[in-house]
Structures are given as C-alpha cells and as structure tokens.
Amino acid sequence: MSDTISRRNFLKAGLITAGAVAASGTGLASLAGAASDEPLCTLLDLSRCIGCEECVYACREVNGHKFPELKGPIPEMIPKAKVKIADWSAPEKRAVSDRLTPYNWLYIQRAYGEYNGEPFELNIPRRCMHCENPPCSKLCPFGAAYQQDNGIVAISPDICMGGAKCKAVCPWHIPERQSGVGLHLNLMPQYAGNGVMYKCDRCFDRVAEGELPACIEVCPADVQQIGPQSRILEKARQLAKETNGFIYGLEENGGTNTIYVSPVPFDVLNGSVEKGPGKPHLQPVADAMTAPNRMFAALAIAPVAGIVGAVARFGLLAGNKDHGKENM
C-alpha cells in the first residue's frame, strides 16, 4: 500500500471518528452562531492534543487544490545574492510535514521538558495565527494578503508577487514561498518578485459554506473549538481558570484569533520546542502595528495596494473572459 493511500485511509478513519463524536453530543466544534458580526476565533486545548497528525493530513487533502504547481523551470533571479530561490515542488520536499512549507500549512510542534518538577510532553498544532490587526495584510504592497470580514487572513495567489514582505513583518514568520509560480512570471520573471507566498487560510472556502475547517472536523480528540470571538475568548479564560492553565494569543501582536491554552507556561514551552525556518517560536509578541513607522507605512500602502489589487483582479477576470471567448 502506498504512503498516499494509507494517509487517505487514516484521514477517512479520522472523519468517521469525528462524526461519532458529533453524534454523541460530546462537543465537536461547530460554526453555530458564527454568522455574527464578530470575527471567527479558534481555541486549542493543548492538554487534549495526542499528536496523531490527522489535522495535518486533512489540511493537505482538503487544500491540495490550492497548492502551487510549476509549469516550467524556475527563472534565475537577478541579482542572485539578494533574491533566493525557494523550491518545495519536488516530491520529497512536498512530503515534508514537520515544519511549515508552501505544501504544508499546519504541523505539530513537539514540546518535551519539565515543569514544577514533573516531566511533560505536549503537542502544539502550529499554523497562521490570524491576527486581529495583521501586519502581513496591512503592509503587503500589492494587496495580495488580505483579511476577510470574519477575521480570516488569506493570500491571493493570483496577485501575490512573492516578495515575502508578509513573512518579514509576521512576528512568527509564518508564510512560505514557492518560486516559479505566480503573476511575476508574466511581468518581469527575473526581476519582479519570486513566486507566491502560502500559509493557512483557515479553509475559508469551507467556512463560507458553513463547514468546519478540515483540521477541526477531523480531530479525534476535540482539540479545537471555533466560533465568534467573544464566545471563544470566554471559553479560553474559563478553561485556563479551571485547569490553572496559561493562555497564548490573547495579547500577542495586539491579539490574535488563534488562542492556545496550555497546562505549561509558554515561556517554558518556547524553550522546549525546536525553532527555526518554518518552525515558529512561542515568545511574547508586542503589537507590530503600533510602531509609528509601521502605521505610516500601512496608511501609505493601503490605497496603492487597493488599486494594484483591484487592477490585478480586473485583469485576471478579463483574461479569463477572453480565454472563454477563444474557446467558444
């Protein structure tokens, strides 16, 4: 049996388990009430995560159609020293699941250590934090990174030039680049941009249809809950109070719509996890958009990004219409 088939069966088994949990009334997260004016927020109870990675496989299965597909060789960028090629398209690299990549938007970060004289082992699902005031969308010069009304932060692959501004300003450096794809190939392939940036978009297309994000639907341990921000924050505070736990994401970067509750302090976890490229930290994070320079840049970029994004979208729509006429 191939690895792909075995993983798909693993996913199906997880979906069956998740369905059983929902049927039993034990609290599988739902989007009930999510049609409010509040942003959607997720709560992750780290004491529940068993590290099975079903969420990782589910994310790949459901979002695979959004992954980048190269149609030719990657252009050599100029200058080489400044613009680095980032290529994750080879089968062995696409299969990487122990860090964030353009083909892996969610991974399980392992934490091992000792707290209060007792050993601990925790599994931490890591992905985009979906900040309340995201610097990635505020400072993207092309308007490719954007925040939906429901708080989901996404990147439009049709507009992104791969300049990685989003990655540079993200406190956790979440977005990852795939070279050799995207709009820049049709403009100045050796000089403008270098591909497209990718990250978790919280299954916005599923959410728009009233469905759960894949990682939440498939989880057999009911690790995550999703709903209106006020309700989720109330649940997070209550859970932390009941378990003498600790919260991350409530104040980080001015507040995020991804809230972790852990039985171990996050400074201890941060010292216990492997960090590096594609493996974000768990440090405290000040609000990146309060700095005067950042605020000024956001105000200056916003109208330009809006115009560029609108023009790009209009051009793409027009191109698609013309292509449709040619095929008639």
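**Strand S1 and the cysteines**

Tutor: On strand S1, Leu40, Thr42 and Leu44 on one side and Cys41, Leu43 and Asp45 on the other are all buried, so both faces are covered (buried: under 20% relative accessible area, exposed over 50%, partly exposed in between, with a 1.4 Å probe and protein chains only). Strands (E, at least two residues) are DSSP runs, numbered from the N terminus. The model is predicted: local features need pLDDT of at least 70, side-chain atom pairs count only at pLDDT 80 or more, and totals for chains, interfaces and linings use all residues. Residues are numbered from 1 along each chain as its sequence is written, and side-chain values use heavy atoms, leaving out hydrogens and water.

Student: In S8, which residue is the bridge partner of Leu44?

Tutor: Two strands pair if DSSP finds at least two bridges between them. S1 and S8 (residues 224-228) meet this in the antiparallel sense, over five bridges. The partner of Leu44 in S8 is Gln224.

Student: Which residue in S10 does Leu43 stand opposite?

Tutor: S1 and S10 (residues 258-262) run parallel and are joined by four bridges. In S10, the residue opposite Leu43 is Ile259.

Student: How many disulfides does a search of the whole structure find?

Tutor: A disulfide requires a pair of cysteine sulfur atoms within 2.5 Å. The sulfur of Cys203 lies 6.1 Å from the closest cysteine sulfur, in Cys59, and is therefore too far for a bond. Across the whole structure, the number of disulfides found is zero.

Student: Is Cys203 buried or exposed?

Tutor: The relative accessibility of Cys203 is 5%. Cys203 therefore counts as buried.
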